[in-house]
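Grab your viewer and work through these exercises one at a time. Try each task before you read its solution.

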Amino acid sequence: MSAGAFEVVRKSDPSRLLFQPHYEFWRVEREARSGARVLLGVCLAPQFVTESMGLPGDPACFALAPDGSALVYFHRPEIAGAAAAIRGKPSGLYRSGSAGDSLVYTRSQIGQLFSRAPVPAAAMRVSWHARTPSAGGARCGQRLVVFAAGGEQAEGEPQPRCAQDSVPPSP
């Protein structure tokens, strides 16, 4: 899949037992005419989960703006097959656009989420784990929809399992 400055490539190799299918996210310098490609990140694409349970695989991993101006992706370098160049890049949710590539949330704050619920166009859904609210107002245990071009919105109800999220009873 290619749009604007980005390419998303699905990698799989059924002949290698321990090779996990994954997506690679690339920035392509089309305007420089060099066509130089820069690997931004990788994300797990568990085909056995998504296909056997009828779940969408792509929205759990990335979202690409329709005009190709922005990409938001869940980077997981610990997966098999990740290139050496990006293994040291911290896990988490990244947004890439004209201003560059930046970490939005760390892996400790969010989790990859697979769901049958429809995802808005050019958006992905993650689970929010942090005790502090996200920029879009998600609290511990809620889902967070993150839009490729910017912005986010919380879904569902917070879970009381986070002490900071619980409201103490009134005296």
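**Exercise 1. A polar contact at Ser 127**

Which residue's side chain is joined to that of Ser 127 by a polar contact? Find the partner, then describe the surroundings of Ser 127.

*Solution.* Keep in mind that you are looking at a predicted model.

Step 1: Locate the residue. Ser 127 sits in strand 10.

Step 2: Look for the partner. The side chain of Ser 127 makes a polar contact of 3.1 Å with the side chain of His 129.

Step 3: Check burial. Ser 127 has a relative accessibility of 14%, so this serine counts as buried.

Step 4: List the neighbours. Skipping residues up to four places away in sequence, Ser 127 touches Gln 109, Ile 110, Gly 111, Leu 113 and Gln 142.

**Exercise 2. The overall layout**

*Solution.* 

Step 1: Along the sequence the pattern reads β-β-β-β-α-β-β-β-β-β-β-β-β.

Step 2: The protein has 171 residues, and 42% of them count as buried. Its accessible surface is about 9000 Å², with 55% of that belonging to carbon and sulfur atoms.

Step 3: Ask how far the contacts reach. Take the contacts with a separation of 6 or more: residues 24 or more positions apart account for 44% of them.

**Exercise 3. The cysteine pair**

Which cysteines form a disulfide?

*Solution.* 

Step 1: Apply the sulfur cut-off of 2.5 Å. The sulfur atoms of Cys 43 and Cys 61 are 2.1 Å apart, and the two form a disulfide.

Step 2: Cys 43 belongs to strand 4 (residues 37-44), while Cys 61 is in the loop between helix 1 (47-52) and strand 5 (62-64); the pair links distant parts of the chain, 18 residues apart.

Step 3: Check burial and the total. Both Cys 43 and Cys 61 are buried, and the count for the model comes to one disulfide.

**Exercise 4. The nonpolar core**

How many residues are in the largest nonpolar core, and which have the most contacts inside it?

*Solution.* 

Step 1: Get the size. This core has 28 residues.

Step 2: Phe 25, Phe 62, Leu 71 and Met 124 have the most contacts inside the core.

Step 3: See which elements contribute. Among those giving two or more residues are strand 2 (6-11), strand 3 (22-28), strand 7 (92-97), strand 10 (123-128) and strand 11 (143-147). Strand 6 supplies the largest share, four residues.

**Exercise 5. A histidine in strand 6**

Is His 75 buried or exposed? Follow up with its contacts.

*Solution.* 

Step 1: His 75 is in strand 6 (residues 71-75).

Step 2: Read off the accessibility. The value is 0%, so His 75 counts as buried.

Step 3: Follow the side chain. The His 75 side chain reaches the backbone nitrogen of Val 42 at 3.1 Å.

Step 4: Widen the view. Beyond four places in sequence, the contacts of His 75 include Leu 40, Gly 41, Ile 86, Pro 90 and Tyr 94.

**Exercise 6. Salt bridges**

How many salt bridges does a search of the whole structure find? Track down some of them, including the linked ones.

*Solution.* 

Step 1: Take the total. The search finds four salt bridges.

Step 2: Start with Glu 7 and Arg 37. Their side chains meet in a salt bridge at 3.6 Å, N to O. Glu 7 is in strand 2 and Arg 37 in strand 4, 30 residues apart, so this pair links distant parts of the chain. Glu 7 is buried at 19% relative accessible area, whereas Arg 37 is partly exposed at 41%.

Step 3: Go to Asp 101. Its salt bridge is with Lys 89, with the closest N and O atoms 2.6 Å apart. Asp 101 lies in strand 8 (residues 100-106) and Lys 89 in the loop between strand 6 and strand 7.

Step 4: Finish with the network. Arg 125, Arg 143 and Glu 155 are linked by salt bridges. The side chains of Arg 143 and Glu 155 meet at 3.5 Å, N to O, and those of Glu 155 and Arg 125 make a polar contact of 2.7 Å. Glu 155 counts as buried at 17% relative accessibility, while Arg 143 counts as partly exposed at 34%.

Technical notes: Residues are numbered from 1 along each chain as its sequence is written. This is a predicted model: local features need pLDDT of at least 70, side-chain atom pairs count only at pLDDT 80 or more; totals for chains, interfaces and linings use all residues. Side-chain values use heavy atoms; hydrogens and water are left out. Buried means under 20% relative accessible area, exposed over 50%, partly exposed in between (1.4 Å probe, protein chains only). A polar contact is a pair of N or O atoms within 3.5 Å; within protein, one must be able to donate a hydrogen and the other to accept it, and residues adjacent in sequence count only if both atoms are side-chain atoms. Contact means heavy atoms within 4.5 Å. A nonpolar core is a set of buried Ala, Val, Leu, Ile, Met, Phe, Trp, Tyr and Cys residues joined through side-chain atoms within 4.5 Å. Accessible areas come from the Shrake-Rupley method with a 1.4 Å probe; for residues, only the protein chains shown count as cover.
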